[in-house]
Amino acid sequence: MPLRRDQLAGRRISLGYSQESFAEAVGVAASTVVRWEAGKVCPQPYMRPKIARLLQITPRELDCLLAPLPEPITAKVQPTPLLADGDLDDMLRRELLALIATTGALVALHTPASAANSRTGPEDGAGRVLWQAYRLAENKRDAAPLVRHQLALAAAALTDAGSESERLRLCTQVADLYQLAGEIAFDANRYHDAAQCYTLAASAAREAGHYDMWACALTRHAFTSLYDRKPAAAVPLLEAAARIAERGDPRLSTRYWVASVQAEALARTGDADGCARALVKAEQVSNLTGELHNGGWLRFDGSRLGEQRGACYLALGQAEAAERYLATAVRQGLSARRQGAVLAGLAELGARHRDIDRVVHYSGAALELAEQTGSGYIVRRLDLLRGPLAPFLGDPRVSDLHEQITRRGA
């Protein structure tokens, strides 16, 4: 017979949470909280840091609240083992892939059900709130349960969409949510999963006739090739995204964001002239006025063009220009992910200049960010440093850095 966790429930109640409101804050069903407090199951390991923050206690204190009361000495009950991290990742991935298959089929269906059977899907504006939660999360994976819950709601609502207009509205929400799901997978270096999310997002946006969202989904898809060291595969995707963006809202920055990513892809293929043309196009974002983006699936306002120029010049071997832009960008208060990429670029420049002190300084700072945030994106960017570091492995500091980068990328 499981033993109740009354102290866990008491802590929740003392902070003013009902079981329903606490479940919503964590991103689980209320029945899950009931089962936690009844001692029937334990929260999954990845949820525990968030639960501890909500309860305003340390992880160790949370472990004490979750521990069952001592059993009699004669008892020989074996605790149910928790899933290992790898097993948990596989389980979450299977759930996501099942949702992708289900939602993709429903998006493709054109025959609406009767309005009387219509289910409640995600609330309008939910996507924007989730994007904000994603941006604020130190570890991007914290946003995954919330996004998965909204995707399940959208899939259920699509099953019984009461009219074609309702179906198209839900397709727009699906396109939004799957772009965010793709971002979470991308940050974890799950590029195949991210690409599947972006593909479905593009399909749903096309169904909805939402050209800007469609172009953004394709652009994010291109990133998976770009950072999987296959820039040539990103170029045709971005060409398609550029054509679609031209049919979108001219007041939005979509076409200029596409151009900025095109510039990086072309730089990585060695096309300096094409890169320059794309950068000129991207700079035209400064001519826009009013609401340039929506803060969700579109956030480009030109503020990151400096670091993107630096990345382009680095890829083209123009070290002086790259250093000028990256050194400026690193002082601009960037997000952790962007800061990590800039630091890795500066470390690579240090290697090219044979300046080991700079290599150690910038690589170490990027590694600290990767450790703090759990960002696979930063780790992947650091992995590109292993080649430039090879000539300096005789230095113990560089050898240690190389080992840390290899270990984190394993």
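Is E283 buried, partly exposed or exposed? In this predicted model, E283 has a relative accessibility of 30%.

**The chain as a whole**

The protein chain has 21 helices and zero strands. Of its 410 residues, 49% count as buried. Its accessible surface comes to about 19800 Å², and 53% of this belongs to carbon and sulfur atoms. Among contacts between residues at least 6 apart in sequence, 68% join residues at least 24 apart.

**Salt bridges**

The count of salt bridges comes to 24.

| Pair | Closest N to O distance |
|---|---|
| E283 and R309 | 3.0 Å |
| D187 and R337 | 3.7 Å |

E283 forms a salt bridge with R309. E283 lies in helix α14 and R309 in helix α15, so the pair ties together parts that are 26 residues apart in sequence. R309 is buried, because its relative accessible area is 14%, under the 20% limit.

E264 and R268 both lie in helix α13, four residues apart, which is about one turn of the helix. E264 has a relative accessible area of 4% and is buried, whereas R268, at 28%, is partly exposed.

D187 and R337 form a salt bridge. This pair links distant parts of the chain: D187 is in helix α9 and R337 in helix α17, 150 residues apart. Both D187 and R337 are buried. Salt bridges that share partners join E183, D187, R220 and R337 into one network.

**The largest pocket**

The largest pocket holds about 1100 Å³ of space. It is lined by 46 residues, and the closest to its centre are F223, Y227, R338, A341 and Y377. The lining is made up of 22 nonpolar, six polar and 18 charged residues. Several helices supply at least two lining residues each, among them α7, α9, α11 and α13. Helix α17 gives the most, with eight residues.

**A buried serine**

S253 lies in the loop between α12 and α13. Its relative accessibility is 0%, so S253 counts as buried. Leaving aside residues up to four places away in sequence, S253 touches V285, L288, L292, H293, L298 and F300. S253 and D301 are 48 residues apart in sequence, and their C-alpha atoms are 6.8 Å apart in space.

Notes. Residues are numbered from 1 along each chain as its sequence is written. This is a predicted model: local features need pLDDT of at least 70, side-chain atom pairs count only at pLDDT 80 or more; totals for chains, interfaces and linings use all residues. Side-chain values use heavy atoms; hydrogens and water are left out. On a 1 Å grid over the protein atoms alone, a cavity is a set of points where a 1.4 Å probe fits but cannot get out, and a pocket is an open set with protein on both sides within 12 Å along at least five of seven lines; lining residues have an atom within 4 Å of a point. Grid points are joined across faces, edges and corners, and a volume is the space filled by probe spheres set on the points. Ala, Val, Leu, Ile, Met, Phe, Trp, Tyr, Cys and Pro count as nonpolar, Asp, Glu, Lys and Arg as charged, and the others, Gly among them, as polar. Buried means under 20% relative accessible area, exposed over 50%, partly exposed in between (1.4 Å probe, protein chains only). Contact means heavy atoms within 4.5 Å. Accessible areas come from the Shrake-Rupley method with a 1.4 Å probe; for residues, only the protein chains shown count as cover. A salt bridge is a side-chain nitrogen of Lys or Arg within 4 Å of a carboxyl oxygen of Asp or Glu.
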